[in-house]
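Here are my notes on the model, as numbered points. Please read them with the structure open.

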Amino acid sequence: ESRLKTRWLGKKVYAYETVDSTNNRAKQLAMDGALNGSVVLAEIQTAGKGRRGRSWCSPPGSGIWMSLILKPEFMPECAPMLTLVMAHSVAMGIRETTGLEAFIKWPNDVVVNRKKVCGILTEMSAEVDYIHHIVIGCGINVNIAGFPDEIAQTATSLLNEAGRTFSRAAVAERVLEWFEKDYEIFIKDLDLTGLRDTYNDLLAGRDGMVRVLDPKGEYNGISRGIDARGELLVEQEGKTLRKVYAGEVSVRGI
Ligand code: BTN
């Protein structure tokens, strides 16, 4: 029985025991006519996908492996900002259901005590001026007790950080409730104007030194938070602001 307090998001939930990837499953369902706001969940992912072609470690039964199907009417260039919207929703949902101080690592990782608890992967099927569907995939490490050696330094779970387990349903529901609210704020301006201040309040390393690793050159500066388009403003000597557009760039605290 769902206690989900949303108006349109998650009114239809596709829940699976095992899928390759909830994003793949969601894309298929979207092609086959699944409605805007449908949510796909799985207990087990056999081939969970991360960004930049990486794989996403998804142990059975202990995380939230979830994908949202959206069929919006805005232009494709707005879609990347939804990943930042989702990061905001996840950080808020985690804070409210666990009491942990979740932060956002720009653009769209959610961290607790500087380690990653959530990753987001947005995929879109679109023409130049028309979106067929967007899938926002979100993996939250809830009750995972241990991680493979390769990621143990950088990954954590809500269980590891709080020392207790949490109801995955409660966390997922709260995240969805936040996303519905945040999405409606986003839609008003089709940018992050209405969410920017709260996003920046949750930003890890804000006003601290960061190193920007851009394929076109590396540099240091002070992170001043995002602008309305979701670009990170990095202040360099002489107070000049450089806008960092998500993509191939990576930013790390120093
Ligand atoms: C990243 O940080 O690299 C993004 C990770 C996204 C993982 C989630 S788990 C649910 C959804 N299905 C997938 O295959 N990936 C996303």
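1. Met-31 sits in helix α1; helices (H or I, at least four residues) and strands (E, at least two) are DSSP runs, numbered from the N terminus. Met-31 is exposed because 11 other C-beta atoms lie within 10 Å. On the scale used, a residue is buried if 20 or more other C-beta atoms lie within 10 Å of its own, exposed if 12 or fewer, and partly exposed in between, with C-beta atoms placed from the backbone. The C-alpha atoms of Met-31 and Lys-12 are separated by 16 Å, and the two residues are 19 apart along the chain.

2. Some ground rules apply throughout. The model is predicted: local features need pLDDT of at least 70, side-chain atom pairs count only at pLDDT 80 or more, and totals for chains, interfaces and linings use all residues. Residues are numbered from 1 along each chain as its sequence is written.

3. Helix α1 as a whole is mostly covered, with 7 of its 10 residues buried. The buried ones are Thr-22, Asn-23, Arg-25, Ala-26, Lys-27, Leu-29 and Ala-30. They pack against β1, β2, β3, β6 and β7, where contact means that the C-beta atoms of two residues, placed from the backbone, lie within 7 Å. After the helix comes Gly-33, with a positive phi near 100 degrees.

4. What is the strand order of the 7-stranded sheet? The sheet is open, its pairing is mixed, and the order is β1-β2-β3-β7-β6-β5-β4; two strands pair if DSSP finds at least two bridges between them. At the edges are β1 (13-19) and β4 (102-105), each of which pairs on one side only. On average, neighbouring strands of this sheet are turned by 20 degrees against each other, direction ignored. Axes here are lines fitted to C-alpha atoms, for helices over the stretch in contact, and angles run from 0 to 180 degrees between N-to-C directions.

5. Two pairings in this sheet can be checked by eye. β6 (residues 115-127) and β7 (residues 130-141) are antiparallel and share 10 bridges; in β7, Ile-140 is the bridge partner of Cys-118. Two helices pack on the sheet. Helix α1 (residues 22-31) touches β1, β2 (39-45), β3 (63-70), β6 and β7, and its direction makes about 25 degrees with that of β3. Helix α2 (residues 80-98) touches β4, β5 (109-112), β6 and β7, at about 145 degrees to the direction of β6. The other pairing is β1 with β2, which run parallel and are joined by 6 bridges; Thr-18 has Ile-44 as its bridge partner in β2. β2 is largely enclosed by the rest of the structure, because 5 of its 7 residues are buried.

6. Leaving out residues up to four places away in sequence, Ile-94 touches Leu-100, Ala-102, Val-110, Val-117, Leu-158 and Val-171. The C-alpha atoms of Ile-94 and Val-117 are separated by 9.7 Å, with the residues 23 apart along the chain.

7. The ligand is surrounded by 20 residues, the closest being Ser-21, Gly-50, Gly-119, Gly-137 and Gly-139; a residue is near a molecule if its C-beta atom, placed from the backbone, lies within 6 Å of it. α1, β3, β6 and β7 are the elements that give two or more residues to this shell. By class, the shell has 6 nonpolar, 10 polar and 4 charged residues. Ala, Val, Leu, Ile, Met, Phe, Trp, Tyr, Cys and Pro count as nonpolar, Asp, Glu, Lys and Arg as charged, and the others, Gly among them, as polar.

8. The chain is divided into domain 1 (13-201) and domain 2 (209-253), with bounds from an automatic or database domain assignment. Their C-alpha centres lie 24 Å apart. In the contact between them, 11 residues of domain 1 meet 8 residues of domain 2. On the domain 1 side, α2 and α6 (196-201) are the elements that give two or more residues. That side has 7 nonpolar, 2 polar and 2 charged residues.

9. A further open sheet has 5 strands in the order β11-β10-β9-β8-β12, with antiparallel pairing. Its edge strands are β11 (241-244) and β12 (250-253).
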